[in-house]
Amino acid sequence: MKERFEKLLSSVQREGIDNLLDFIRRSDFYTAPASTRFHGAKEGGLLEHSLNVWDCLHCKVANPTWKTALDGIEDDTFKIVSLLHDICKTYYYTTEMRNVKENGVWVQKPYYTVKDQIPYGHGEKSIMMIEEYIKLKPVERYAVRWHMGSYSGQQDWNTLSTAMEKYPLVLALHEADMEATHLLEAEE
């Protein structure tokens with residue numbers, strides 16, 4: 001998975017992409033979970049999820065309904081938003097121990113918990129981290145910012161709807177994220 005991810009991301013023609021890849025290699029991106037207990041709650045879950053979102057988003061380009069809506073968007077944009085939408089989850093999780101009863105015996109088991117060292121929001125934080133290395137296009141910023149869709153909270157629904165109308169990629173990335181989460185990744 002790591003080799004596939006790096007091949008896809010290194011093919012992006014954007015100044016600074018090599019530095020972004022260096023950051024990813026030095027971070028816990030390849031070993032981090034995608035969540036604490038739901039999809040991808042395992043070592044390497046974030047990497048797997050990012051590739052699954054790429055696969056789901058990439059399939060939309062061939063879909064007649066999406067082909068028109070996404071016409072003119074470069075392949076590099078699809079790679080950036082799908083592979084990096086959750087980069088905010090690097091250095092985000094930690095492992096702790098808890099007691100669990102197995103066969104009538106209490107044993108210590110590791111579990112993931114959140115240790116958010118940069119509390120800046122989800123999509124916003126990913127944008128901030130990406131733009132430390134590469135310049136994003138407006139459509140990319142919107143897609144990453146709003147990839148959580150209505151899960152960002154009811155207070156954002158009107159703004160979210162406007163963002164989706166302005167940039168259909170917002171909806172496409174959100175759907176790809178949900179498809180990867182709920183269809184390709186089993187809950188742990």
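1. A quick definition to begin: a crossing of two helices is left-handed if the near helix is turned anticlockwise from the far one by less than a right angle, and right-handed if clockwise. By that rule, α3 and α5 cross in a right-handed way.

2. Some ground rules before we go on. This is a predicted model, where local features need pLDDT of at least 70, side-chain atom pairs count only at pLDDT 80 or more, and totals for chains, interfaces and linings use all residues. Residues are numbered from 1 along each chain as its sequence is written, and side-chain values use heavy atoms, with hydrogens and water left out.

3. Now the overall layout. You'll find nine helices and two strands in the chain (DSSP runs numbered from the N terminus: H or I for helices, at least four residues; E for strands, at least two). Starting at the N terminus, the order reads α-α-α-α-α-β-β-α-α-α-α.

4. The axes of α3 (residues 45–62) and α5 (residues 75–84) come within 8 Å and cross at roughly 145 degrees (axes are lines fitted to C-alpha atoms, for helices over the stretch in contact, with angles from 0 to 180 degrees between N-to-C directions). On the α3 side, the residues in contact (heavy atoms within 4.5 Å) include L51, W54 and L57, while F78, V81 and L83 are among those from α5. The contact residues split into eight nonpolar, three polar and two charged (Ala, Val, Leu, Ile, Met, Phe, Trp, Tyr, Cys and Pro are nonpolar; Asp, Glu, Lys and Arg are charged; the others, Gly among them, are polar).

5. How about burial? Of the 188 residues, 46% count as buried (under 20% relative accessible area; exposed is over 50%, and partly exposed in between, using a 1.4 Å probe and protein chains only).

6. Y91, in the loop between α5 and β1 (93–102), has a positive phi of about 55 degrees although it is not a glycine. N103, in the loop between β1 and β2 (105–114), also isn't a glycine, and its phi is positive, near 55 degrees. Y91 is partly exposed, at 42% relative accessible area, and N103 is exposed, at 82%.

7. Finally, find D71 in the loop between α4 (64–69) and α5. D71 counts as exposed because its relative accessibility is 66%.
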